[in-house]
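I wanted a few places to start reading, and I wrote down what I looked up.

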Amino acid sequence: MTGPSANIGVEGYKGFSLALAELNEGGARRRLEATLKDDAGEPEACLAAARELYADGVRVFVLHTTSGAAAGALPWLLERDLIVLTRAVSASTWAGRDDNFIRFVGSAAHFGQGLGEYAAIRGAAAVAAVVDRRNAAYAADVLGGFKAALGTARPGAAVVAETEVGEGMDHDEIARWIRSLGADAAVAALAGLDAAKLAQALDRAGFAGELYLAPWSQDHNLLSYAGPLADRIFLANSFNPSDRSPRYRGFVDGFRAVFGEEPVMSSLYGYEIAQFLNQGLEAAKDTSPRSLKAALLGQDGFMGLQRRVRLDGFGDLEMDMMIITIRAGRFEAAP
């Protein structure tokens, strides 16, 4: 809820709390209550929050946070009799395990691959990469997928240089570095505000190429502050912000009525993970973590806001993905 990735948590909790209110008002079999703790985007703070919640008797944890922060708490949590769900921790480190961690989210590498294929289609040949070391596992997956797909889809194209950044990054210095490489595109795994500041700096530096971003960047900060480079920004995503279906538009209208703004990716993620959790609670024989896990994994698919999805036996999900861009101050499906 604070720190460089705060918008992910803030917007995610808005979606989560909206779903809880709707479920409780709609007569859910068990009243759902959420206890919120701030992990500040830091592994140590995430572990401290997890310990406090566990001591208070909480046995269902929703880690709507970054992969880097969650890594501080997950080893400790997975040794206990509880359930951990996520709609945001997409680092492949936690995939393919028969444990009490249910990853209702696609792989970060999968998103990187789609982004790399799209960059190849757009003609990218020499790409500079910028990644935030504070979310290192996630960034490595995104960049690894991007590099593999780019070189396969466009032989000869490559990521020509990479740099890591962290707190206090100098966006103008990074933009000048990208220009000095002669890169015709850049790919970045950054939080939305840092991505927006980088876009502004690239524009000031006279960068004529395109900026490809991981899903992590998709928030209101990017919409508000990307500047003139906005229409040359492309993001990997798992939902269609241009969807006109009644189900999705109903969610958008409800979200706007409560919060006065359009939902972003993490808003939808928060809303869907609450609905998914409730579906499992409704089907579980009792409230024990074992029964809840069986109920969650035993569902014949889950109908999200835009599509039906299924988890494998490990509780992992491979999601459809698409590319979005920014048009007239809104996220839209890219051509």
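This is a predicted model: local features need pLDDT of at least 70, side-chain atom pairs count only at pLDDT 80 or more; totals for chains, interfaces and linings use all residues.

I began with the side chain of His 171, which reaches the backbone oxygen of Met 169 at 3.5 Å.

Residues are numbered from 1 along each chain as its sequence is written, and side-chain values use heavy atoms, with hydrogens and water left out.

**Helix H7**

I placed His 171 in helix H7, residues 171–180. Helices (H or I, at least four residues) and strands (E, at least two) are DSSP runs, numbered from the N terminus. Is His 171 buried or exposed? His 171 counts as buried because its relative accessibility is 12%. The cut-offs are under 20% relative accessible area for buried, over 50% for exposed, and partly exposed in between (1.4 Å probe, protein chains only).

I then listed contacts, meaning heavy atoms within 4.5 Å. Leaving aside neighbours within four places in sequence, His 171 touches Asp 194, Lys 197, Leu 198 and Ala 201.

Ile 174, Ala 175 and Ile 178 are buried in H7, as is His 171. Seen down the axis, the buried residues of H7 fall within an arc of 100°, so they line one face of the helix. The arc is taken from the directions from the helix axis to the C-beta atoms. Arg 176 and Ser 180 are exposed on the other side of H7. What do the buried residues of H7 pack against? I found strand E4 (126–132), strand E5 (158–165), strand E6 (185–189) and helix H8 (192–204).

I checked both ends. At the start of H7, a side-chain oxygen of Asp 170 comes to within 3.2 Å of the backbone nitrogen of Asp 172. Just after H7, Gly 182 has a positive phi of about 75°.

**Asn 7**

Next I went to Asn 7, in helix H1 (residues 6–25). Asn 7 is buried, at a relative accessible area of 16%. Its side chain joins that of Asp 219 in a polar contact of 3.4 Å. Beyond four places in sequence, Asn 7 is in contact with Gly 12, Asp 219, His 220, Asn 221 and Ser 266. From Asn 7 to Trp 216 I read 9.8 Å, C-alpha to C-alpha, across 209 residues of sequence.

**The largest pocket**

Last, I looked up the largest pocket. On a 1 Å grid over the protein atoms alone, a pocket is an open set of points where a 1.4 Å probe fits, with protein on both sides within 12 Å along at least five of seven lines; lining residues have an atom within 4 Å of a point. How many residues line the largest pocket? I noted 40, of which Ala 34, Thr 35, Val 60, Phe 61 and Val 62 lie nearest its centre. H1 gives the largest share of this lining, 7 residues.

Definitions and conventions. A polar contact is a pair of N or O atoms within 3.5 Å; within protein, one must be able to donate a hydrogen and the other to accept it, and residues adjacent in sequence count only if both atoms are side-chain atoms.
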